[in-house]
Amino acid sequence: MKAITLLGSTGSIGTQTLDIVAQYPDKFQLVGLAAGRNVEMLAAQIRQFRPQIAAICDETKLPELTEAIADLDYKPILLAGEAGVVEVARYGEAKTVVTGIVGCAGLLPTIAAIEAGKDIALANKETLIAGAPVVLPLVEKHGVKILPADSEHSAIFQCLQAVPQEGLRRILLTASGGAFRDLPVEKLATVKVADALKHPNWSMGQKITIDSASLMNKGLEVIEAHFLFGLDYDHIEIVIHPQSIIHSLIEVQDTSVLAQLGWADMRLPLLYALSFPERIYTDWQQLDLVKAGSLTFKAPDRDKYPCMQLAYAAGRAGGSMPAVLNAANEQAVALFLAEKIEFLDIPRCIEWVCERFTNDNRPDPSLDDIIAADNWARQEVLAASQAAKRQFAH
């Protein structure tokens, strides 16, 4: 039985991870839980899974959480705040920590887990996008594994199990194309939040759904793939695959191409990250290629998806620039969701912030440098939107 800790337990990644734990009680034991502010859901999870420790990031919610589980016949350690989440990440005998916290907030708990010698089931892109210059040396120092738990990088990781070292030649990241894949580019100027949240294939949180509509999610995945698998950016490509059956592909040195296929189900990469190197039998729906029908592909439209090119540029710039890109995107998406900027303002804002940071970028940033760059980028986005919504438009 593998002991695991789950960060971000009330989000999409968290609830699907707990579905797996519930289905395989003989395989996984839950040691710790951490959530943001959903007291009701976290309390229900504590009741069901009986972790040794739990934390809620919103400190004001701790009394409510304490009261919600006061009648339990056991007393888990209850913590609050960012420090509480970090403590859960490093706590106890958990072998693997699932990092399902959205955004750069997941970086410090992930570092704490690595320093405690725990493998990381990585569902938080920002850990490597923003923090790779710090995180990767720690992974090597502490001898832990990073096991990708999102569908695209899991697909690449699974395909690589059959490939000798130095055999990888090219990565092909598949993208659904998001909510606007069939919308003419000239109509993007008038789209609304509700339009961007209508993902054709997946049910996800709001932020990642907007990232899918802008294709920033795929740009961020390019940066993550670079750090996970060691290929340069010229050999990591994006291809639109509307059916989302092929989750990504690799090309090896002899031009053979390997792919991982399956229905769109986030539990599959999560289960593999938790059980690696095992393959656990499931009763989940098997892939039926006849039912899936045609599998189609096309190149992404650079005019429709400027965020994709911004991500490549930030990745090539290195240093703290990916952290700036990520933070600017997070803040811009938050403003769009709040209907304070338009959809096309998202890439304009990101580009404006990244250009302003160019002269301050450091090639080998410390954790403090990365956190400072992240905070700076968020403030720049807010300042731009408050002072003049369009000042970064041209």
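**Entry 1: the model.** I am working from a predicted model, and I kept that in mind throughout.

**Entry 2: the annotated site.** I started with the record. The unreviewed UniProt entry puts a "binding site" annotation on Asp150, Glu152 and Glu221.

**Entry 3: Asp150.** I found Asp150 in the loop between strand 7 (146-148) and helix 8. Buried or exposed? Its relative accessibility is 8%, and the cut-off for buried is under 20%, so Asp150 counts as buried. Leaving out residues up to four places away in sequence, I get contacts from Asp150 to Leu122, Lys125, Glu221, Glu224, Met266 and Pro269. Glu221, also in the annotation, is on that contact list.

**Entry 4: Glu152.** Next I looked at Glu152, which sits in helix 8. It has a relative accessible area of 11% and is buried too. With residues up to four places away in sequence again left out, Glu152 touches Leu173, Thr174, Lys218, Glu221, His247 and Ser248. So Glu221 turns up here as well, because heavy atoms within 4.5 Å count as a contact.

**Entry 5: the second largest pocket.** I then turned to the second largest pocket, with a volume of about 530 Å³. I see 25 residues lining this pocket, and those nearest its centre are Leu261, Leu268, Thr282, Trp284 and Gln285. Which elements give two or more residues to the lining? They are helix 8 (151-160), strand 11 (257-261) and helix 12 (267-275). Helix 12 supplies the largest share, five residues. Helix 8 is also the element that holds Glu152.

Entry 6: Rolling a probe the size of a water molecule over the atoms shows where empty space is left. How many cavities of 30 Å³ or more does the whole structure have? The search finds one. The largest cavity has a volume of about 40 Å³. Its lining is made up of Leu188, Ser214, Lys304, Pro306, Cys307, Phe343, Leu344 and Pro347. By class I note six nonpolar residues, one polar and one charged.

Terms used:
Residues numbered from 1 in each chain as written. Predicted model: local features only at pLDDT ≥ 70, side-chain atom pairs only at ≥ 80, totals over all residues. Heavy atoms only, no water. 1 Å grid on protein atoms, 1.4 Å probe; cavity = no way out; pocket = protein on both sides within 12 Å on 5 of 7 lines; lining within 4 Å. Points joined across faces, edges and corners; volume = space filled by probe spheres on them. Helix = DSSP H or I, 4+ residues; strand = E, 2+ residues; numbered from the N terminus. UniProt positions renumbered as here; feature names shortened; annotations may be inferred. Buried < 20%, exposed > 50% of the residue type's maximum accessible area, 1.4 Å probe, protein only. Nonpolar A, V, L, I, M, F, W, Y, C, P; charged D, E, K, R; others polar.
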